[in-house]
Amino acid sequence: MKIKALSRSTTEYTRETKSDIQLLPRNIDPELHPLERAREYKRALNAAKLERMFAKPFLASLSGHIDGIYAMAKNPWDLDSVVTGSGDGELRMWSLSSQETIWRAPEAHRGIVKGVCNIPGGETDRFLSVGTDKLAKVWSRSESSVASDGVTPETVATYTGKHAFSGIDHHRSRPLFATSSSLVEIWDVDRSEPITNLTWGADTINTVKMNQTEVNVLATCGTDRSIILYDLRTNSPLAKLVMTLSTNAISWNPMEAFMFATANEDHNVYTFDMRRMDHAVNVLRDHVSAVMDVDYSPTGLELVSGSYDRSVRLWDVNKGHSRDIYHAKRMQRVFCVKYTLDNNYVLSGSDDSNLRLWRARASQRMGAKSNRERGAIEYAEKLKDRFAYVPEVRKVLQHRNVPKGIKKASRTKQDMLQSRKRKEENERKHDKSGKARVPERKKAILGVTNK
Amino acid sequence: MGGLRKTSTKMTTPRRGSSSSSSGRGRGSSSRGGRGGSHNRPTGKGEFTERPKATPKVDEDDNSYDVFEAEDHEDFGKRRRRHVERVDVRNYELDNIDSEDDEEIDSDDAFNDSDEERFASYKRLPGASSTKDVDSEDSEEEDEDEEDGEDLVDLSEMLDASESEEEAEGLSKAATLLSPSALGFDDLAVDGVDEEESDDQAFAGMGSDSDASVASDDDEEEEAERLSKLDGFVTSISARAPRRRFVTETGGGYAEDENAIGSGLVTKGVSLGINDLLGSLGGHADEAEGGEHQGLRQIRDLKNQVTKLDKAAKKAGAGVVAAPLAKRLQDQMDRQVAYEKSKKSVSEWQPAVDSNRAAEHLSFPMNQPDRQTLTTASLVSNLGAKTDLEAQIQSVLQESGMTDEQQRQYEELELKNLSPEEVRLRQRELRMMRELMFRSERKAKRMAKIKSKAYRRILKKDKDRAQEKAMERLKEEDPEMHAMLVEKMARSRAEERMSLRHKNTSKWAREMSKRSHGDEDTQQALRDQLEQHDALKRKVYDIGSGEELSDYEAGKDSDGESDSDADMSFAAVKSRALQKIAAEMDKNDAADDTPHKTLFGMKFMQNAMQRKEEAAQRDAQMLHDEFASLEADVDEDGVAISLKRPAAKKAKVEAKAPGRMSFGAAGAKKQKQADEDGDEPAKRVRLNEAGQVGQVASGGGHRVRLAEPVSVEAAEKKGRSGKSAEPAALNPWVSDDVSAHAGQRGGKLNELSKDSTKLDKLSARLRSKRKGGAAGGGAEESVLLDVNKTLSVDKPAADHSDDEPASDDDIRLEHKGRSAVVNPNAFSQRELVEQAFAEDNIVEAEFAAEKDAAMDDEAPKDLDVTLPGWGSWGGTGVAPASKRIIRKAPEGSGVLKQNRMDAKMGEVIINQKQAKSSNKYYASNLPFPFYTSKQYEETLQAPLGKEWNTAKSHSKGIKPRVLVKAGKIIDPLSIPSKKRQ
């Protein structure tokens with residue numbers, strides 16, 4: 001006779017560690033667990049409240065600069081180090097883990113440091129800086145030795161330009177870098193003169209950003225309210241996008257080669273598809289003053305922006321409003337922001353000469369978690385997402401304590417926008433010619449041209 | 001400009017056609033490549049190709065030409081225009097140019113004053129040119145010029161007609177011309193003022209040569225035809241020369257005027273390859289009949305050289321560069337083209353981006369290389385000295401010849417020294433040794449593993465015996481000690497049994513078991529405790545003294561006797577029970593005689609004891625009597641099958657409440673009492689299955705509670721059946737009930753027998769159960785079972801084994817005599833019915849009122865907010881203001897009566913009040929990605945929690961969309977096609 005024995009695998013009832021509690025077999029008979037919707041709603045509400053309770057985004061303020069921080073670069077090959085340049089021409093390299101300056105060049109430039117960027121390849125720690133003194137300098141923490149503290153270390157190399165530089169960015173893979181002044185110059189690191197000049201019009205260019213995926217494409221934004229795309233393969237500009245107000249910064253999406261975000265003077269962040277620039281893909285509106293800098297998260301799904309309204313905002317690229325606002329009592333106008341490459345932190349450099357380190361998700365805590373804890377967090381996240389539209393939960397999730405100035409300004413701005421909209425609607429209503437509504441995504445765009 | 005350039009290519013073709021075969025007008029659609037080949041080949045299509053290569057007679061040719069022209073000229077003109085239009089359209093499709101762009105360059109720009117000057121002579125009507133064309137054959141120069149002019153007239157017309165379109169076309173054309181590869185060397189476009197000088201140089205020389213050749217071969221028609229093209233060109237050059245000079249003189253040169261976009265127009269019409277020039281010469285040379293002279297040979301050489309150069313140039317991909325456009329325009333076009341290319345290039349990312357966007361889960365960093373899994377093979381292959389120490393050891397081993405390889409070699413060498421027999425012997429020896437070792441090892445293992453029951457038993461017995469011996473020795477040597485030990489054992493056992501400390505569930509044990517992992521001492525302690533537990537749980541005779549043992553054994557014997565004697569006769573049992581009871585009674589009597597001294601000696605105590613004893617005596621007597629009167633159905637072996645009690649003893653059951661049927665209270669009590677009283681006999685007397693009867697009687701087995709002690713009869717009395725005496729005056733509300741129809745039911749039940757169907761049996765069981773329930777629960781019934789009547793439960797003798805439900809099948813309920821008697825206090829049927837349907841009409845009216853009230857309640861209500869004395873004058877003689885202030889109900893509040901859902905429904909009230917408290921569970925408006933509320937609701941439908949899902953689906957449900965590995969740099973996306981940029 002064959003005996004069929006009951007069998008249980010030991011994994012079902014043994015614990016992973018001694019401290020773990022005993023596994024309990026669960027009965028998922030629905031009769032035993034009534035009111036699932038109401039219970040999950042309650043859980044979602046609790047999760048939302050807990051999220052807000054644990055939301056402590058500010059981590060550290062790294063001080064050392066004497067003037068405001070106007071340039072910042074994250075190292076694409078190192079999570080720890082960040083380089084900042086300040087208004088008095090000082091360069092500092094920071095270690096984020098130890099939260100201190102690990103290298104500095106007090107008089108790196110005469111005048112403002114307008115841009116810094118790292119030189120590719122994890123082997124060297126070289127980076128470039130440009131200033132209004134028409135110089136582009138190569139530095140290295142390991143190579144350019146510091147004589148004594150407070151003395152500017154020697155540069156590895158120096159390039160002399162014809163105009164005051166306003167921005168710099170390095171090619172992702174080749175030894176090329178681009179600087180912006182009144183024109184875009186492409187430099188070979190081995191040559192003292194630029195190998196190409198890319199010009200279009202005569203206006204000053206604010207910044208230059210190279211695409212990190214489609215590596216030969218770069219974009220600049222200028223004082224003539226234009227955003228210009230260039231291609232290194234054809235050595236020519238591609239197209240010029242003119243907006244109603246000028247753009248302060250550009251960031252390329254690291255996961256979507258053709259997408260870029262722009263920080264505009266009109267308080268908005270716009271995302272564009274470089275192939276169809278006659279309309280923005282998304283308009284992100286929450287700031288109440290000019291947006292000074294914008295940066296994509298390395299996942300390409302989020303954005304961080306710093307604004308003249310003294311706040312940093314975090315955005316979901318597909319949503320119209322920010323998911324969080326970071327501010328600090330002593331934080332002044334934010335001039336540069338960066339999303340760290342592990343997707344967990346945000347950096348902001350502001351007028352008050354401090355570099356601030358924030359959590360990218362305010363209530364998230366780092367560190368290893370047990371499976372159960374992780375499961376609970378994930379469950380809570382899902383519940384929050386699920387019930388995010390229910391009034392009570394939404395209210396909890398959306399509530400932020402915002403500085404008075406910003407709150408007031410946003411209210412005023414809202415009124416203004418509403419009245420403007422009302423006026424437009426009225427005009428449209430009483431206009432016989434049947435004017436069509438201009439979509440918000442096109443309102444700020446004057447046109448795209450190749451002339 | 002570009003637009004004109006495009007049309008100019010159209011212009012060249014007819015002209016070429018006319019020069020090659022002096023009669024045809026090729027279609028502009030002939031391919032460029034075709035033109036590059038030998039001159040003789042017809043290059044056109046359609047009617048042009050059908051024509052002979054070289055017509056022998058000029059006249060015929062002329063005629064045909066004239067006819068063709070006459071017939072087709074108008075058509076051709078139209079056709080060409082159509083063609084141009086078509087081309088325009090196509091170009092538009094290729095590059096869309098914004099209207100703004102078009103606006104920028106207006107026709108004035110494109111066709112400026114200088115151009116107008118230049119083309120002034122061309123501005124003729126097409127009609128006029130056609131009339132000239134008819135007789136144009138005579139003067140070749142003119143003809144060429146005119147043709148040119150004609151085409152240009154067309155062009156200007158076209159320009160006038162659709163300027164903007166041409167601009168666009170021009171742009172696109174220029175754009176296509178930008179790439180050098182688009183320009184064939186053989187095309188050698190001689191179409192720009194820019195190339196003036198070079199053209200002049202080239203064609204000046206050529207022109208003189210060709211002039212000579214024309215002069216020499218004047219008579220030959222064919223050659224004339226062939227040369228006509230060249231001649232035409234030369235003359236055209238000469239015709240244009242003054243104008244060009246004029247242009248240069250006026251300083252309209254390219255370099256000076258960046259915007260002189262029309263400057264390239266002048267010679268646009270002439271797009272002539274060098275092969276065309278040389279080809280005609282060469283061809284002429286070949287076909288010249290015997291007339292080969294120096295010049296021709298030179299020309300042929302030149303031609304060969306040129307073709308060589310041509311080929312080389314083609315191979316290298318180089319061509320003659322088109323005239324550079326104005327820088328601004330050039331840049332513009334460059335950007336346009338470059339933008340298109342960049343768009344195309346960047347669009348290669350689209351699939352990857354799309355898949356990421358659509359992905360259910362994203363895990364960052366992406367494109368991570370697979371982690372290498374370590375295999376033994378890979379480890380072995382990489383095995384070697386890694387550290388310095390290892391390397392040192394390795395080298396030492398190597399030097400001393402101790403590596404495995406060296407050892408093996410050495411052994412092999414050694415073996416070679418021995419004879420084969422010796423080797424075999426040694427090998428056998430080795431094998432033997434190995435075998436032995438293996439066996440002994442296996443045996444040891446087996447021995448270590450044996451732990452059979454017998455082994456354990458023997459071990460245990462040994463141990464016990466040793467202990468016993470020790471105890472005995474102790475008893476002899478030190479009885480006190482022994483007694484103490486025994487007492488201690490007994491005490492500890494008692495304590496253990498009382499406290500249950502031996503259980504493994506005590507706090508100490510739990511604590512220890514937690515700590516026991518890996519701790520030998522603790523484990524030992526736990527084991528000891530368990531052993532102690534076992535030992536203490538062992539029956540007392542195992543450890544008790546000999547006396548106890550004997551006692552127990554006696555009991556056991558008696559027990560065993562009773563057990564074994566399964567078929568002990570009923571009489572014997574009975575007599576023994578009686579004996580015991582008698583003994584008990586005697587004991588009680590005897591106990592009376594014992595003298596009391598202390599407390600018990602006092603009077604009241606003695607009285608109490610007396611009373612107690614008397615009660616006990618009474619009970620015992622009763623029990624005795626009962627037992628004495630107990631009869632049993634005895635089977636042939638003398639074993640009782642069922643007990644029978646005389647019906648004399650009957651308890652009275654009083655009707656406690658009207659409308660209730662009461663069962664079994666007294667009977668149960670009685671039974672209980674009997675159980676208590678006759679505890680010993682009831683236990684002692686084991687009457688095989690007879691015990692079951694008792695159970696039946698106590699109501700446990702069959703859920704039939706009886707109002708009186710029942711007589712339980714053997715199954716022989718099948719025929720008896722109680723007749724229902726009261727069919728009339730039945731209560732229709734209790735007609736289903738068992739008791740009312742007990743007689744009938746009994747009758748029905750009586751019909752059940754061994755051969756009744758299973759269904760019947762089942763239904764009978766169901767009924768009996770229901771009845772049991774009703775009786776136990778005390779249903780509202782006005783009927784009582786007659787106390788005097790008995791309900792007998794019959795069982796077939798064969799089915800007495802135990803109380804399994806199957807035995808219910810054969811229960812037979814019988815009423816003896818009248819089954820029910822109407823209680824005088826119970827409700828009558830009429831009363832019941834009346835009560836049930838009383839005030840039906842009142843209910844309807846009540847409902848209507850209720851509905852009205854509900855409607856009013858939910859209707860929008862105006863609010864009277866008048867405050868007396870406010871807003872009016874007061875004082876004596878002033879009438880109070882009659883104006884009332886009513887605040888209208890806010891819109892959307894409440895439901896109007898006529899709008900109610902239940903407005904037209906008679907018997908329904910639908911509550912349309914909104915439950916405000918539940919509002920918070922609903923989204924106020926539809927969230928963005930959803931189109932219908934149903935879609936949104938669906939997302940909330942299935943719960944996510946652990947309570948409602950299996951572990952797997954739960955973890956699947958809560959998995960976040962984006963997973964990021966902590967502390968890892970997330971590099972930008974990379975795709976294979978973009979690896980090398």
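User: Does Glu40(A) count as buried or exposed, and at what relative accessibility?

Analyst: First, the conventions: this is a predicted model, in which local features need pLDDT of at least 70 and side-chain atom pairs count only at pLDDT 80 or more, while totals for chains, interfaces and linings use all residues. Residues are numbered from 1 along each chain as its sequence is written, chains are lettered from A and ligands numbered from 1 in the order in which they are written, and side-chain values use heavy atoms, with hydrogens and water left out. Buried means under 20% relative accessible area, exposed means over 50%, and partly exposed lies in between (1.4 Å probe, protein chains only). Glu40(A) has a relative accessibility of 2% and therefore counts as buried.

User: Where is Glu40(A) found, and with which residues is Glu40(A) in contact, leaving aside its neighbours within four places in sequence?

Analyst: Helices (H or I, at least four residues) and strands (E, at least two) are DSSP runs, numbered from the N terminus; contact means heavy atoms within 4.5 Å. Glu40(A) is found in helix 1 of chain A. Leaving aside neighbours within four places in sequence, its contacts in chain A include Tyr379(A), Leu383(A), Arg386(A) and Phe387(A), and those in chain B include Pro943(B), Leu944(B), Gly945(B) and Trp948(B).

User: With which side chain does the side chain of Glu40(A) make a polar contact?

Analyst: A polar contact is a pair of N or O atoms within 3.5 Å; within protein, one must be able to donate a hydrogen and the other to accept it, and residues adjacent in sequence count only if both atoms are side-chain atoms. Here the partner is the side chain of Tyr379(A), at 2.5 Å.

User: At what angle do helix 1 and helix 2 of chain A pack?

Analyst: Axes are lines fitted to C-alpha atoms, for helices over the stretch in contact, and angles run from 0 to 180 degrees between N-to-C directions. Angles under 35 degrees count as roughly parallel, over 145 as roughly antiparallel, 65 to 115 as roughly perpendicular and the rest as oblique. Helix 1 of chain A and helix 2 (residues 371-386) of chain A pack at about 105°, with axes 8 Å apart; the two helices are therefore roughly perpendicular to each other. Among the residues that meet are Glu40(A), Arg43(A) and Ala44(A) from helix 1, and Tyr379(A), Ala380(A) and Leu383(A) from helix 2.

User: Which helix holds both Glu340(B) and Lys343(B)?

Analyst: Both lie in helix 15 (residues 327-346) of chain B, 3 residues apart, about one turn of the helix. Glu340(B) and Lys343(B) form a salt bridge, with closest N and O atoms 3.8 Å apart. Glu340(B) is partly exposed, at 46% relative accessibility.

User: Which residues are linked in a network of salt bridges?

Analyst: Glu214(A), Asp231(A), Arg233(A), Glu348(B) and Lys978(B) are linked in such a network.

User: In what order do the 4 strands of the open sheet in chain A stand?

Analyst: Two strands pair if DSSP finds at least two bridges between them. The order is 1-28-27-26, with antiparallel pairing. Strand 1 (58-63) and strand 26 (334-339) stand at the edges with a single partner strand each, so one side of each is left without a neighbour in the sheet. Strand 26 and strand 27 (residues 345-350) of chain A pair over 5 bridges, and Val337(A) stands opposite Ser348(A) in strand 27.

User: What is phi of Asn343(A) near?

Analyst: Phi of Asn343(A) is near 70°, a positive value in a residue other than glycine. Asn343(A) lies in the loop between strand 26 and strand 27 of chain A and is buried, at 4% relative accessibility.

Note on methods: Salt bridge = Lys/Arg side-chain N within 4 Å of Asp/Glu carboxyl O.
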